Amino acid sequence: MSVVPSSLLPASAVPAFRGRIGRDAASGHYAVPHRYRLHVAPSGPGCLRIAVTHGLLGLDDTLPLTVLPETPDTPDGGYAALRPLYEASAHLYAGPAAAPVLSDGWTGRIVSTHVPDILRDLALRFRGNGPDLLPRERRREIDAIADLCERSVNRAAQRAGELGIDGEAAHRDPLTVLFAALARLERRLARHPYVLGDAPTAADVHVWVTLVQLDTVHRWHLDAAAMDRVAGHPALWAYAQRLAARPEFARRLDIDAVLRRHRAHCRGREAAGAGIRLVDWSAGPN
């Protein structure tokens, strides 16, 4: 277990607990049914990726999942319910008790709060009879898709919609990055039902949650002309709709909660956006 002290992090950052689930008892933390618990607020993208992965792997009976309210309930942006875990895991812990958390019921402490590590350990250590979401031969591609989603879709859309960008070029450049990323995904999904072929992988979790964010959060920061271009990727949005009809993807998705969380955090004036959402995210069960 490693903890990054809050004094070494920016004020907005959350200290990272970076324990990992090993292969066997010699590793300390190893996969045992009912030993661990996930604590997530699926209104946030990282927690939603964890919840979707948990559903795809069918872990309800072996790794319980606690769903937290969509917005934190303490002044520092944390959750009161998670405070005992944080305080038991780090002496004199003073930061926010934020989600997600993978906790160890045997010790009463936190294993990890780091989304990429939790996702990888779910897929590799808790998989059981579930699908292989991280096939060894495709892991570099999956990492590249995750990076594309974060840098070229999420960050680019956020940057393009920020107020205070001076000049047309400053607005246009992140949009160019965004549209290029969507075009790459469109080409993939025009050929295959899933991002990497004929079976779902962790790449689909990254892409689907990114599309949820784009169509429910980032759309309010982009003008109507930009959203018209975002809509011009039929294979991409048909894919999003198809996955939204699957309970493993839609079960933990609450669009109203996503929007309430966004409004609680958004500090800028919302742009006009597009009048109609691109996907009916309520196609599957909540």
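Visitor: How many bridges join β1 to strand β2, and do they run parallel or antiparallel?
Guide: Three bridges join them, and the strands run parallel. β2 covers residues 65–67. Keep in mind that this is a predicted model.

Visitor: Which residue is the bridge partner of valine 40 in β2?
Guide: Valine 67.

Visitor: What about β1 and β3, parallel or antiparallel?
Guide: Antiparallel. Four bridges join β1, residues 36–40, to β3. Tyrosine 36 stands opposite aspartate 104 of β3. Arginine 37 has serine 103 as its bridge partner there.

Visitor: Is β1 mostly covered or mostly open?
Guide: Mostly covered. Four of its five residues are buried.

Visitor: And β3, which residues are on which side?
Guide: Val101 and Ser103 sit on one side, Leu102 and Asp104 on the other. These four residues are all buried, so both faces of β3 are covered.

Visitor: Why two sides at all?
Guide: Because side chains in a regular strand alternate between the two faces of the sheet.

Visitor: What does β3 form with β4?
Guide: A hairpin, with four residues between the two strands. Three bridges join β3 to β4, residues 109–112, and the strands run antiparallel. Leucine 102 has serine 112 as its bridge partner in β4. In the turn, glycine 108 has a positive phi of about 75 degrees.

Visitor: Let's zoom out. How many helices and strands does the protein chain have?
Guide: It has 10 helices and four strands. Along the sequence the pattern is β-α-β-α-β-β-α-α-α-α-α-α-α-α.

Visitor: How much of the chain is buried?
Guide: Buried residues make up 48% of the 286 residues. The accessible surface comes to about 13,600 Å². Carbon and sulfur atoms account for 51% of that surface.

Visitor: What share of the contacts link residues 24 or more positions apart?
Guide: The share is 70%, taken over contacts with a separation of 6 or more.

Visitor: Which residues have the most contacts inside the largest nonpolar core?
Guide: Leu122, Leu178, Trp208, Trp237 and Trp281. That core has 70 residues. Helix α6 gives the most to it, with nine residues. Another core lies apart from it, with 13 residues, among them Leu68, Tyr79, Ala97 and Val101.

Visitor: Why would nonpolar residues gather like that?
Guide: In soluble globular proteins, nonpolar side chains tend to be buried together.

Visitor: Pick one of those tryptophans. What does tryptophan 237 touch?
Guide: Leaving out residues up to four places away in sequence, it touches Leu211, Leu214, Asp215, Val230, Ala231, Leu278, Val279 and Trp281.

Visitor: Back to α6. Where is valine 209, and what does it touch?
Guide: Valine 209 is found in helix α6. It touches Pro45, Leu48 and Arg49, not counting residues up to four places away in sequence.

Visitor: Why does valine 209 count as buried?
Guide: Because its relative accessibility is 1%, and buried means under 20%.

Visitor: How far is valine 209 from glycine 44?
Guide: They are 165 residues apart in sequence. In space they are 9.6 Å apart, C-alpha to C-alpha.

Visitor: New topic. Which helix holds asparagine 154?
Guide: Helix α4, residues 139–161.

Visitor: Is asparagine 154 buried or exposed?
Guide: Buried, with a relative accessible area of 14%. Its side chain makes a polar contact of 3.4 Å with the side chain of glutamate 150. Not counting residues up to four places away in sequence, asparagine 154 touches Cys149, Thr210, Gln213 and His218.

Visitor: Which residues of helix α10 are buried?
Guide: Ile255, Ala257, Val258, Leu259 and His262. The helix spans residues 255–265. What covers these buried residues includes α6, residues 202–216.

Visitor: What happens at the start of α10?
Guide: A side-chain oxygen of aspartate 254 reaches to within 3.2 Å of the backbone nitrogen of aspartate 256.

Visitor: Last one. What pLDDT does the chain average?
Guide: It averages 88, and 87% of the residues score at least 70. Over residues 1–13 the pLDDT is below 50. That stretch has 16 contacts in the model beyond near neighbours in sequence.

Conventions:
Residues are numbered from 1 along each chain as its sequence is written. This is a predicted model: local features need pLDDT of at least 70, side-chain atom pairs count only at pLDDT 80 or more; totals for chains, interfaces and linings use all residues. Side-chain values use heavy atoms; hydrogens and water are left out. Buried means under 20% relative accessible area, exposed over 50%, partly exposed in between (1.4 Å probe, protein chains only). Contact means heavy atoms within 4.5 Å. A polar contact is a pair of N or O atoms within 3.5 Å; within protein, one must be able to donate a hydrogen and the other to accept it, and residues adjacent in sequence count only if both atoms are side-chain atoms. Accessible areas come from the Shrake-Rupley method with a 1.4 Å probe; for residues, only the protein chains shown count as cover. A nonpolar core is a set of buried Ala, Val, Leu, Ile, Met, Phe, Trp, Tyr and Cys residues joined through side-chain atoms within 4.5 Å. Two strands pair if DSSP finds at least two bridges between them. pLDDT is the predictor's confidence in each residue, from 0 to 100.
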